[in-house]
Amino acid sequence: MAHEPLSLLALVGVFVASVLGGGINSIAGGGTLLTFPALVGLGVPALVANATSTVALWPGALASMWGYRGELGGARGWVLRLTLPSIAGGAAGALLLLRTPAETFDRVVPFLVLGATLLFVAQGRLVRWLQRRRAAEGGAAAEHDGDPRFAPAYLAAQFAIGVYGGYFGAGVGILMLAGLGMMGFTNIHRMNGLKNWGGTCMNAVAAGIFALSGIVDWPVALAMAGGALLGGYGGSRVAQRVGQQRVRHAIVLIGIASFLFLLRPF
C-alpha cells in the first residue's frame, strides 16, 4: 500500500516511540499499545503500520525467546507440539490481513487496540491466579508441565491464537499464558519460555509474508528495530528501579486514549 514517505523528523519520532515501547516491554509489557498508535498518528496507514511493526519487532521477540531457552530444556515435547499450530496460525493471520481492505482494517483496528488493552488489564489477574494456584499445590515441589489429555484442545486454541498473532498480535502473549495455565502448567518461567517460542514462530512466518508482500515500510521498520533494541536494553537495566504498577496504569491510559484516537475518521 503506497503512502508518502515519512520525513526525517517523523522517523526520529518513530525511533523515540520505539525506544519507549521497548523499555515498556522490558518493564511491564504492552509496548505495542504505544508504538502502533504512534505510527498511525505520524501518518503511516494502519495496515502498513501493523505489518511494519511485526517485521521490526521480530528480532526482539527472538532475543526474548533466546533468553528463556534454558526453561525449554525440560519441555521439548511441548515445544514440538506448539510449533506447527503457531506457524500455521501466524501464516493464516498474515494472509488474512493482506486480504483485508485497508478501509475495513481502519474500522476494526480501534477495537483490536481496545481488546489488547483489556487483555493487558487481565494480565495481572492471570499472574496472581497462577501464583495462588502454585502455592495451593505446594509451590515448587508441585510444578506441572501440562496435562497431555488437554493437548488436542490446546493446540487447536493455539492455532486460533496464532491467527490473531499474525493478524494483529498485541496481547497475544497473554492469551498464550492463559492457555498454558488452563492446560495445567504452573512454572511461570517455563510458561514464558513456551509463550516466547510460540510468539517467535507465528511472528517469524508473518514477518516473512509481510516482507515478501511489499507492504512493509523499511525505513520505518529499521527505525523501530533500532529504537526497540535500545529501549529493551535500557528498560532491562532500570526495570528494578521503576514501579511496575505505575507503568501498567500508564499503559492502560495510553491504550484507552489510542482507542479513542483511532475511532476518528481516517
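Let me start at Phe 168. Leaving out residues up to four places away in sequence, Phe 168 touches Phe 36, Asn 50, Phe 105, Val 109, Leu 112 and Val 113. This is a predicted model, so read those contacts as features of a prediction. Phe 168 also belongs to the largest nonpolar core, which has 63 residues. Phe 168 is among the residues with the most contacts inside that core, along with Phe 36, Phe 105, Leu 194 and Phe 210.

Now the chain as a whole. The secondary structure comes to 10 helices and zero strands. Of the 266 residues, 48% count as buried. Take the contacts between residues at least 6 apart in sequence: 84% of them join residues at least 24 apart.

Next, helix 7, residues 172-183. Its 12 residues reach 17 Å from first C-alpha to last, close to the 16 Å expected. The buried residues in helix 7 are Val 172, Ile 174, Met 176, Leu 177, Gly 179, Leu 180, Gly 181 and Met 183. After helix 7 comes Gly 184, with a positive phi near 115°.

Last, the surface. The chain exposes about 12600 Å², and carbon and sulfur atoms supply 67% of that. One nonpolar patch on the surface is formed by Leu 8, Leu 9, Val 12, Phe 15, Val 16, Leu 20 and Leu 230, with about 700 Å² of accessible area together. Which helix gives the largest share of the patch? Helix 1, residues 8-27, with six residues. Leu 8 lies in helix 1. Leu 8 counts as exposed because its relative accessibility is 68%, and the cut-off for exposed is over 50%.

Notes
Residues are numbered from 1 along each chain as its sequence is written. This is a predicted model: local features need pLDDT of at least 70, side-chain atom pairs count only at pLDDT 80 or more; totals for chains, interfaces and linings use all residues. Side-chain values use heavy atoms; hydrogens and water are left out. A nonpolar core is a set of buried Ala, Val, Leu, Ile, Met, Phe, Trp, Tyr and Cys residues joined through side-chain atoms within 4.5 Å. Buried means under 20% relative accessible area, exposed over 50%, partly exposed in between (1.4 Å probe, protein chains only). Contact means heavy atoms within 4.5 Å. Patches are made of residues with over 30% relative accessible area and no salt bridge: like charges are joined within 9 Å, nonpolar side chains (Val, Leu, Ile, Met, Phe, Trp, Tyr) within 5 Å. Accessible areas come from the Shrake-Rupley method with a 1.4 Å probe; for residues, only the protein chains shown count as cover. A salt bridge is a side-chain nitrogen of Lys or Arg within 4 Å of a carboxyl oxygen of Asp or Glu. Helices (H or I, at least four residues) and strands (E, at least two) are DSSP runs, numbered from the N terminus. The expected span of a helix is 1.5 Å times one less than its number of residues.
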